[in-house]
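Subject: Structure for your review

Hello,

Here is the structure I said I would pass on. My notes on it follow below.

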Amino acid sequence: MDAPTQGPTGTDFRKLSPSQNPEPSPARHTCGNRSLSVPAPRPEQSLTCTDAPGADAGTEAGTEGPRDREPHTRLQPAQLTDELDIVWLLPLDDLDYVREGLDITKRRAGRPAYHGRGRLIGYANLHPGALATRDSGRYDRRTFWLLPHDRGESPDTEYRTHAPLEAVDPRTVRPRLPGRLTDRAWGSPLPGPPDAGPA
């Protein structure tokens, strides 16, 4: 069935030039071998994104969070209940901080594969009876690492007087307990809570 060629006023649109056509030309799109005609998109109001209370403010270069907010680790003790021990691959004497996070591994214990940039510094072993935390039969295990631009790895690091969001002092790491930031890990006295000011 042919599409109608006349509008409500009886105008034959086939005889009109594009400049005479009162209707805006639809945008042309294709789906497979078929050509589709859809109305041109309407301009939409732009969206803005604002920080929600409690949202993480990273301390990576260029996204550094407010200095009056006390840095914290992302991990919670409830995520580490199956840990048996912590294995360090390097001496900790010269390390002010390490990055701490959870990694997905095939085994409960032993050195996990590390595919990121930088180098693996340590890892947690899980109890032999620890259950897989994923449908794939894999385990979430804590790992510790450093990137090439971290303090102790590069003389030109931007982390001389602060630290990345994942940073913890390795001397505070214990099985089943997240690491904590210290003045040494932060590179300067830790920022305290903002002044409340006069009441």
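**Glu100**

Glu100 counts as buried because its relative accessibility is 4%, and the cut-off for buried is under 20%. Please keep in mind that the model is predicted. Glu100 sits in strand S4, which covers residues 98-105. A polar atom of the Glu100 side chain lies 3.0 Å from the backbone nitrogen of Gly179.

**Ala113**

Ala113 belongs to the loop that runs between S4 and strand S5, the latter spanning 119-126. Is Ala113 buried or exposed? With a relative accessible area of 54%, Ala113 is exposed, since the cut-off for exposed is over 50%. Ala113 and Asp103 are 10 residues apart along the chain, and their C-alpha atoms are separated by 9.6 Å.

**The protein as a whole**

The protein has seven strands and one helix. The protein has 199 residues, and 29% of them are buried; Glu100 is one of the buried residues.

On contacts, take those between residues at least 6 apart in sequence: 65% of these join residues at least 24 apart.

Regards

How values were computed. Residues are numbered from 1 along each chain as its sequence is written. This is a predicted model: local features need pLDDT of at least 70, side-chain atom pairs count only at pLDDT 80 or more; totals for chains, interfaces and linings use all residues. Side-chain values use heavy atoms; hydrogens and water are left out. Helices (H or I, at least four residues) and strands (E, at least two) are DSSP runs, numbered from the N terminus. Buried means under 20% relative accessible area, exposed over 50%, partly exposed in between (1.4 Å probe, protein chains only). A polar contact is a pair of N or O atoms within 3.5 Å; within protein, one must be able to donate a hydrogen and the other to accept it, and residues adjacent in sequence count only if both atoms are side-chain atoms. Contact means heavy atoms within 4.5 Å.
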